[in-house]
Amino acid sequence: MAYVTSARYRDPGAWQHYVISIDTTLATAANRARLYVNGVEVTEWDTETNPAQNLTTGWNAAIVQRIGREYTTTYGNYYNYDGYLAEFYNIDGQQLAPTDFGEFDTNNVWQPKEYSGTYGTNGFY
């Protein structure tokens, strides 16, 4: 599974909202992994390699989950992450939309909102 977009997010002082939504059980390959930035789905990819149907990943497995760190069987290198995380949700068993976590205000600016759904078996906030 690999995705690369040519989109550039160049304002390091701006708040940004990302939703990564994965459900490898879906029949349509392009729907198995989806990315939303500030409420808008990214649909143009320089590289798009969709996950195989029913792929089991290390994320959400019954192991320690590490945010911002590469997944390998021995937990490899840290990603070069240089930023802040205001909130991090892991929702188990559902492929949610960005509108579950945010909404556009009257000026059409994406704003966070409180999540009111369930987290599932291995989910967390």
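A nonpolar core is a set of buried Ala, Val, Leu, Ile, Met, Phe, Trp, Tyr and Cys residues joined through side-chain atoms within 4.5 Å. In this predicted model, the largest nonpolar core has six residues, namely Val19, Tyr36, Ile91, Leu96, Phe101 and Tyr115.

**Overall architecture**

- Among the contacts in the chain with a separation of 6 or more, 51% are between residues 24 or more positions apart.
- The chain exposes about 9100 Å², and carbon and sulfur atoms supply 49% of that area.

**The core and a nonpolar surface patch**

- In soluble globular proteins, nonpolar side chains tend to be buried together.
- Val19, one of the six residues of the largest nonpolar core, touches Arg34, Leu35, Tyr36, Leu96, Pro98 and Phe101 when residues up to four places away in sequence are not counted.
- On the surface, Met1, Ile20, Ile22 and Leu55 form a nonpolar patch, and together these residues have about 390 Å² of accessible area.
- Leu55, a member of that patch, lies in the loop between β5 (47–49) and β6 (102–104), and Leu55 is partly exposed because its relative accessible area of 36% falls between the limits of 20% and 50%.

**Other residues in the loop between β5 and β6**

- Asn60 also has its place in the loop between β5 and β6, and this residue counts as buried because its relative accessible area is 18%, where buried means under 20%.
- The side chain of Asn60 takes part in a polar contact of 2.9 Å with the side chain of Asn90, and in another polar contact, of 2.7 Å, with the side chain of Asp92.
- Leaving aside residues up to four places away in sequence, Asn60 touches Gln65, Asn90, Asp92 and Asn122.
- Gly68 is found in the loop between β5 and β6 as well, and with a relative accessible area of 31% Gly68 is partly exposed.
- The C-alpha atoms of Gly68 and Leu85 are separated by 10.0 Å, and these two residues are 17 residues apart along the chain.

**The salt bridge**

- The count of salt bridges in this model comes to one, and it is formed by the side chains of Glu41 and Arg34, with a distance of 2.9 Å from N to O.
- Glu41 is partly exposed, at 27% relative accessibility, and Arg34 is likewise partly exposed, at 24% relative accessibility.
- Arg34 is also one of the residues that Val19 touches.

**Backbone angles**

- Most residues other than glycine have a negative phi.
- Asn38, although it is not a glycine, has a positive phi of about 50°; this residue has its place in the loop between β3 (33–37) and β4 (40–41), and at 23% relative accessibility Asn38 counts as partly exposed.
- Asn108, which is not a glycine either, has a positive phi of about 65°; Asn108 lies in the loop between β6 and β7 (110–112), and this residue counts as exposed because its relative accessible area is 58%, where exposed means over 50%.

Conventions:
Residues are numbered from 1 along each chain as its sequence is written. This is a predicted model: local features need pLDDT of at least 70, side-chain atom pairs count only at pLDDT 80 or more; totals for chains, interfaces and linings use all residues. Side-chain values use heavy atoms; hydrogens and water are left out. Contact means heavy atoms within 4.5 Å. Accessible areas come from the Shrake-Rupley method with a 1.4 Å probe; for residues, only the protein chains shown count as cover. Patches are made of residues with over 30% relative accessible area and no salt bridge: like charges are joined within 9 Å, nonpolar side chains (Val, Leu, Ile, Met, Phe, Trp, Tyr) within 5 Å. A salt bridge is a side-chain nitrogen of Lys or Arg within 4 Å of a carboxyl oxygen of Asp or Glu. Helices (H or I, at least four residues) and strands (E, at least two) are DSSP runs, numbered from the N terminus. Buried means under 20% relative accessible area, exposed over 50%, partly exposed in between (1.4 Å probe, protein chains only). A polar contact is a pair of N or O atoms within 3.5 Å; within protein, one must be able to donate a hydrogen and the other to accept it, and residues adjacent in sequence count only if both atoms are side-chain atoms.
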